[in-house]
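Here is a short report for a reader new to this structure. Please look over the sequence and the model before reading on.

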Amino acid sequence: LRGTLGSAPTLFHKNKFLSSPCLMADGNAHGHDHDHDHEEGRLGDTVREIAEVDLLVPRNKRGACCLHLAENEQEASSASTNAAPSNRDQALARASLIAGLHELRASKVNVKTDSTDGAAILMPQLARSVEWHKEVAVLVITSYVYHIVGLLLSVTMVTYLDKEESVYDLFGGQMYLCDFGANLDKCAHDPSDPSCTGPSGTAVKAPRLYGWTIWSLRTYVRNALITILPDKADEIKTQIDPGEYGVESYWCRVCCCCVFVLSIVTELKACFDLARLLWYLPNANQSWIGLKDSGDQQDMAYLDRVEVKVAGMSIYWKLWNFVFVLIPKILIAYLTSTSGIDFLMETADVDDLIVNTVALGFILGVDELIYSTLVSPQAVGLVSKCEPLVLPDDEHLLVEEDHAVQHFTETKGTLWHALWDALSRKFLRAYVVIFITAVSVWKYYFVHCEFHEGHWVSKEMHQPNSMSFTFGNLIAPLTFPVDAVSDVYWRYKAEE
């Protein structure tokens, strides 16, 4: 029967499981005539024979028959599973993989599912969709409160970080690090090179290089001895060497800046995704919930019956989210970037550079920390259920199942196509990281340093008039500089 019926090894007759090899064997045991077995090409005769055997085989023999069949079927299934996949299956697997990768390129807009700003956008739309029921309205209130708390904490930490560099360090007599000690390898062979001069005006050498804390302490001890024993000033200067202040590794500082910018780019991408969300959504209030199309929903949990999806919102809601969510998010990313780069460029020790790079990323993760710790499980569950919206302009990237193999052939390309695709599209974020790092480092040199005889040195330093540090000093230090006294407490000098 298997040879006659092809891929159909079993039949269902009168709700009983039948198989031709088993039944034919039992038929022989009961003296049934099997002349039709020699007519394998005739399907009708074979099926008719099975019907006759069904009447002849005793019911107490059918259990052994079916058990024998099950063993044969299990062996056949195991052999089929272990067999090598056919060329057609391999072709379908390749086509499916490429079609799936192609669909991943389709742009989708969604709220951020792991931060307070995502909840601040989604909760009001869900409350509007359920006619502002109190169960969802309370989630709106808590989402807004936690979003504001996250913004205030991030701005506060950035403000104190920038105040440390612009006010506290200046009261401590510190100059800007710039490129002091950056050419340490070169200075080992040519100490007389102008770029090898440190803040004290002496040549920078590896045994004499220190961070700010140690160098300032050694300098203070020497100056105190000179003040107490002025008649032995020359001897003290000769016998006590405070060393020089400089960066231990210029390239480690640059690498740490690049690593820090990676977290900034991640935050900027989230801002860009939020901007696209507000731009592409329809300018009409639409429901952000719906009922799932499934079978029997009686056995499903209530939330499993509902789908949360991105839909339209009015222009007034878009304007509110733009002002209340997007602009503060961009501002925090900008302030963290500028203050963080300045902080890293002012770090001299290698171990402090690495630790500070990791610590600065904490500022950008405050909203995620608040979201995972303080936001209610109901809000977290709703945000995680939100389904993205595929942009209409990218719907052509969705490959139909019937055209997957054809799409694989049409888009295969050559190695040169792959190289061009990588350089033009796949490395875009890397280009952004390099660009932001270069601009941020250049801004540090432009604001705090000046170019002198082939290297960057600190500008002359003035102490602030007070401990005041305003929001204008934070966001626009060139336009609103810190108010300082006119007297100079440090100026670069090439010789003692």
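The report goes from the whole protein to one helix and then to a cavity.

## The protein overall

This is a predicted model. The protein has 496 residues, and 39% of them are buried. It holds 20 helices and 13 strands.

Of the contacts with a separation of 6 or more, 75% are between residues 24 or more positions apart. The accessible surface comes to about 28,700 Å². Carbon and sulfur atoms account for 61% of that surface.

## Helix α6

Helix α6 covers residues 116-129, which makes 14 residues. From first C-alpha to last, α6 reaches 20 Å. That is close to the 20 Å expected at 1.5 Å a residue.

How many residues of α6 are buried? The count is 14 of the 14, so α6 is largely enclosed by the rest of the structure. Glu-131 follows the helix, and its phi is positive, near 60°.

## The cavity

The model has one cavity of 30 Å³ or more. The volume of the largest cavity is about 130 Å³. Its lining is made of 13 residues. Nearest its centre lie Leu-151, Glu-267, Lys-329, Ile-332 and Asp-367.

Which helix gives the most to this lining? Helix α7 does, with four residues. Helices α6, α7 (134-171), α13 (315-345) and α14 (350-364) each supply at least two. By class, the lining of the largest cavity has five nonpolar residues, four polar and four charged.

Key: Residues numbered from 1 in each chain as written. Predicted model: local features only at pLDDT ≥ 70, side-chain atom pairs only at ≥ 80, totals over all residues. Heavy atoms only, no water. Expected span 1.5 Å × (residues − 1). Buried < 20%, exposed > 50% of the residue type's maximum accessible area, 1.4 Å probe, protein only. 1 Å grid on protein atoms, 1.4 Å probe; cavity = no way out; pocket = protein on both sides within 12 Å on 5 of 7 lines; lining within 4 Å. Points joined across faces, edges and corners; volume = space filled by probe spheres on them. Nonpolar A, V, L, I, M, F, W, Y, C, P; charged D, E, K, R; others polar. Contact = heavy atoms within 4.5 Å. Areas by Shrake-Rupley, 256 points an atom, 1.4 Å probe, with all protein chains shown as cover.
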